[in-house]
Amino acid sequence: MLGYETEEVLDYGFWKLTQDEEFEKIDYNVKFIPDSVHVRKLKTKSGDYRFIQWSDFKYSDNLFIATGHDITQKIIAEKEYQTLIQNAPDIIYDANKYGVITLINDATSRVLGFEKEEVIGKHFTSFLSNEEKREALEFYVPENKNQNDFEAYVLPVKHKNGQTIWFSQKVRIKRDLDDNLVGFSCVMRDITNTRKLEEQIIDKNNILTQLSKYTNKLIQKDNIDEIFDITLGDFTKAIKADRVCYYEFDEQENLVNQKFEWFVENEVLTINKVDFQGINPKDYEEIFEALFKNKTYQIITEEVKDLNYKKRLQSRGILSALLVPVFHIDKLIGYLGFDNFEEVRVWDKEENYNFRNNLANNIDEPLLLELRIKKLYKKVRKNSNY
């Protein structure tokens, strides 16, 4: 096993040759513990090291018989397993039968920001909200003694910085030889990105559904007042915007005037707001360059370079906005503005496309009719003055 001859290990030769760092030159009767097992790392004759598991038998005060078993491969396998556990991307932990965490790997620091010492000794629900805590405790109750694991359970856990991280947790039940529950082995996989993707898909489907409903209603409307009724407010609420505005472009005057402003929270409609009349497109060249080309324009207030315009947006509480041009054939007749106050909303290309091609295209007909009526009214008034 170690490669030494009998003569080489007699007396204290064994301890010297094997370089046992834990050997003590004392009366072994003082140190001996009956039925105990201990492991020593010993140097072989070839120069490598072996892990030997010893069990000692006391024959007399002057004679002890030791039996050693080579468990090197077992020790190596255990170390490799521990390395694998500690370096795993998932959080892996053990809890006792009461749910108190007794062991956890290093991923808790990488994923949740907590050091192991901050987690060990706490109940696994300590990092959940009160509602989630109650639901988790109800879920993790074994149905019978034959149950050995639980189905994957999705739960939100608070990061040390307060952020919510979503996990899919798989739990295996640990039992003793009498099938009594003694603890749990748990693996938590971070599914935050997957969860966000699922929510985005749900949001997009909701937007498309609401867009379809609203555009179907638009087809049945034939004047501007019916367009900007509560249904547009409902649509704005459904797409999680906080306010919608419509601005009319007067081609002859080359000016923009706000016609309607709808606040979702209080369902307040404002018509022809004085502060937003006579807007000159030349003052906002970049924005109107996009709108005149029938392109949506997205505003992130923090990224606006024009300081005066940035202050104006901030004074209105706008964190982000999406401007959707309303065209008839090849001319801009106005645009819709969807504002967000509570959080920055970033609209993707698909959402921009759907807004421009479905919403704006169905609004243009009744708006154009309204503009024609206005022009006709002006013409009649002008002729009546002669």
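**Rings, loops and voids**

Mentor: The charged end of R195 sits over the ring of W166, 3.8 Å from its centre. Bear in mind that this is a predicted model.

Trainee: Which residue has its charged end over the ring of W347?

Mentor: The ring of W347 has a charged end placed over it, 3.8 Å from the ring centre. The residue that supplies this charged end is R345.

Trainee: How many aromatic pairs does the model have?

Mentor: Rings of Phe, Tyr and Trp pair if their centres lie within 6.5 Å. By this rule the count is 13 aromatic pairs.

Trainee: Is the pair of F139 and Y153 stacked or edge-to-face?

Mentor: The two ring centres are 4.5 Å apart, and the angle between the planes is 25°. Planes under 30 degrees apart count as stacked, over 60 as edge-to-face. The pair of F139 and Y153 is therefore stacked.

Trainee: How many residues apart are F139 and Y153?

Mentor: F139 belongs to helix α7 (residues 130–139), and Y153 to strand β6 (residues 149–158). The pair thus links distant parts of the chain, with a separation of 14 residues.

Trainee: What kind of aromatic pair do F249 and F292 form?

Mentor: Their centres are 5.3 Å apart, with 75° between the planes. Over 60 degrees counts as edge-to-face. The pair of F249 and F292 is therefore edge-to-face.

Trainee: How far apart in sequence are the parts that F249 and F292 tie together?

Mentor: F249 lies in strand β9 (residues 243–250), whereas F292 lies in helix α11 (residues 285–292). F249 is buried at 9% relative accessibility, and F292 is partly exposed at 38%.

Trainee: Which residue's side chain makes a polar contact with the side chain of T192?

Mentor: T192 lies in helix α8 (residues 192–219) and is buried, with a relative accessible area of 8%. Its side chain makes a polar contact at 2.7 Å with the side chain of D190.

Trainee: Is K240 buried or exposed?

Mentor: K240 is found in the loop between α10 (230–238) and β9, and has a positive phi of about 65° although it is not a glycine. Its relative accessible area is 51%, and the cut-off is over 50%, so K240 is exposed.

Trainee: Where is D179, which also has a positive phi?

Mentor: Phi of D179 is near 65°, in a residue other than glycine. D179 is partly exposed, with a relative accessible area of 39%. Its place is in the loop between β7 (164–175) and β8 (181–190).

Trainee: Which element gives the largest share of the lining of the largest pocket?

Mentor: The largest pocket has a volume of about 800 Å³ and is lined by 26 residues, with W15, F23, Y28, D56 and F64 nearest its centre. By class the lining has 14 nonpolar, three polar and nine charged residues. The largest share, four residues, comes from β1.

Trainee: How many charged residues are in the lining of the largest cavity?

Mentor: The structure holds four cavities of 30 Å³ or more, and about 270 Å³ of space lies in the largest. Of its 17 lining residues, Y247, Y309, L313, R316 and Y335 are the closest to its centre. The lining divides into 13 nonpolar, one polar and, for the class asked about, three charged.

Trainee: And how many charged residues line the second largest cavity?

Mentor: This cavity holds about 120 Å³ of space. It is lined by 14 residues, with I101, L112, F124, F127 and M188 nearest its centre. The lining has 12 nonpolar residues, two polar and no charged.

Notes: Residues are numbered from 1 along each chain as its sequence is written. This is a predicted model: local features need pLDDT of at least 70, side-chain atom pairs count only at pLDDT 80 or more; totals for chains, interfaces and linings use all residues. Side-chain values use heavy atoms; hydrogens and water are left out. Rings of Phe, Tyr and Trp (its six-membered ring) pair if their centres lie within 6.5 Å; planes under 30 degrees apart count as stacked, over 60 as edge-to-face and the rest as tilted. Helices (H or I, at least four residues) and strands (E, at least two) are DSSP runs, numbered from the N terminus. Buried means under 20% relative accessible area, exposed over 50%, partly exposed in between (1.4 Å probe, protein chains only). A charge sits over a ring if NZ of Lys or CZ of Arg is within 6 Å of the ring centre and within 35 degrees of the ring normal. On a 1 Å grid over the protein atoms alone, a cavity is a set of points where a 1.4 Å probe fits but cannot get out, and a pocket is an open set with protein on both sides within 12 Å along at least five of seven lines; lining residues have an atom within 4 Å of a point. Grid points are joined across faces, edges and corners, and a volume is the space filled by probe spheres set on the points. Ala, Val, Leu, Ile, Met, Phe, Trp, Tyr, Cys and Pro count as nonpolar, Asp, Glu, Lys and Arg as charged, and the others, Gly among them, as polar. A polar contact is a pair of N or O atoms within 3.5 Å; within protein, one must be able to donate a hydrogen and the other to accept it, and residues adjacent in sequence count only if both atoms are side-chain atoms.
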